[in-house]
Amino acid sequence: MRAVYGDIYRTLLESLRSGEWPYQSFIPSESQLVERFQCSHNTVRRAIAMLAQQGYVQPIHGKGVRVTYLPQHRAPFELGGLETFAEASARNHMNAVTEIPAFEEVVCDEALAARSGFAVGEPLWHLKRVRRIEGKALILDDNYFLQRAMPGLTREIAKRSVFAYLEGTLGMHVTMSKRTITVETVDKDDRAYLDLDGYDCVAVVTNHVFDSEGLMFEYTRSHHRPDCFSFSTVAMRQEV
């Protein structure tokens, strides 16, 4: 069963994204949220801490919790928190489709081990997934998944949502993603699968994903057409 604070977090997040509480306004008080959700003060604080960590709100001592979320409109796909493509598509009300031109079982060799972190000899699922947004192929995912972490993965599951399968069916808790973003010249796969619209470079997000036990179960390189990609992050300066 999911933690109550996680449900509260998702409810508050949807309210923020929908504009229920405008930018720079204050969300309801902690006491009001406790009454609304019929939970403890600590549970509400945990949910708000998650929102603050991702830059949606900022708790201000003696005043309340101020909204710091401001929607960005540059690109149809904004990379920020640990969110699946299906979740991002639903949040942005996008007409999004996933195609899978490659789905195979491979064994990790030395070259792949060096760049991914998987052990040599580890059985993996290898997928290529093309993400179409409003009919245009804008993202190409080159995925490697740890087979022993997700037995029974199929093409149909991967077409819908791998994370939904992991969390909903297998009961895994996905907790952390380490990302590196680079700009690279397009390669043969980009030319074959993406609607590049004349661009000769792509934004590449290299992603290592971990579960609650610290096990890395995914290594992915996502190629994004640059005019349809943005990245948001939160940086905080420690008080001294």
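**Briefing on the predicted model**

In this predicted model, the largest nonpolar core comprises 28 residues, and those with the most contacts inside it are F118, L124, M150, L153 and F217. Elements giving two or more residues to this core include the strands β4 (96-107) and β5 (123-133) and the helices α5 (110-116) and α7 (162-169). The largest share, four residues, is supplied by α7.

**Nonpolar cores**
- Beyond its neighbours within four places in sequence, L153 contacts F103, W125, L127, F145, A158, V162 and Y165.
- A second, separate core has 20 residues, among them L16, W21, L51 and V65.

**Helix packing**
- Helix α2 (residues 30-37) packs against helix α3 (residues 41-53) at an angle of about 110 degrees, and their axes lie 9 Å apart.
- The two helices α2 and α3 are therefore roughly perpendicular to each other.
- E30, S31, L33 and V34 of α2 meet H41, V44, R45 and I48 of α3 in this contact.
- Four of the residues in the contact of α2 with α3 are nonpolar, two are polar and two are charged.

**Salt bridges**
- The count of salt bridges is 11.
- E30 and R45 form a salt bridge through their side chains (3.0 Å, N to O), linking helix α2 with helix α3 across 15 residues.
- E30 is partly exposed at 26% relative accessible area, and R45 is partly exposed at 46%.
- A salt bridge also joins the side chains of D7 and R10 (2.9 Å, N to O); these residues lie three apart in helix α1 (residues 4-18), about one helical turn.
- The side chains of R221 and E184 form a salt bridge (2.8 Å, N to O), with R221 in strand β9 and E184 in strand β7 (residues 174-185).

How values were computed. Residues numbered from 1 in each chain as written. Predicted model: local features only at pLDDT ≥ 70, side-chain atom pairs only at ≥ 80, totals over all residues. Heavy atoms only, no water. Axes fitted to C-alpha atoms, helices over the stretch in contact; angles between N-to-C directions. Parallel < 35°, antiparallel > 145°, perpendicular 65-115°, else oblique. Contact = heavy atoms within 4.5 Å. Nonpolar A, V, L, I, M, F, W, Y, C, P; charged D, E, K, R; others polar. Core = buried A, V, L, I, M, F, W, Y, C linked by side-chain atoms within 4.5 Å. Buried < 20%, exposed > 50% of the residue type's maximum accessible area, 1.4 Å probe, protein only. Salt bridge = Lys/Arg side-chain N within 4 Å of Asp/Glu carboxyl O.
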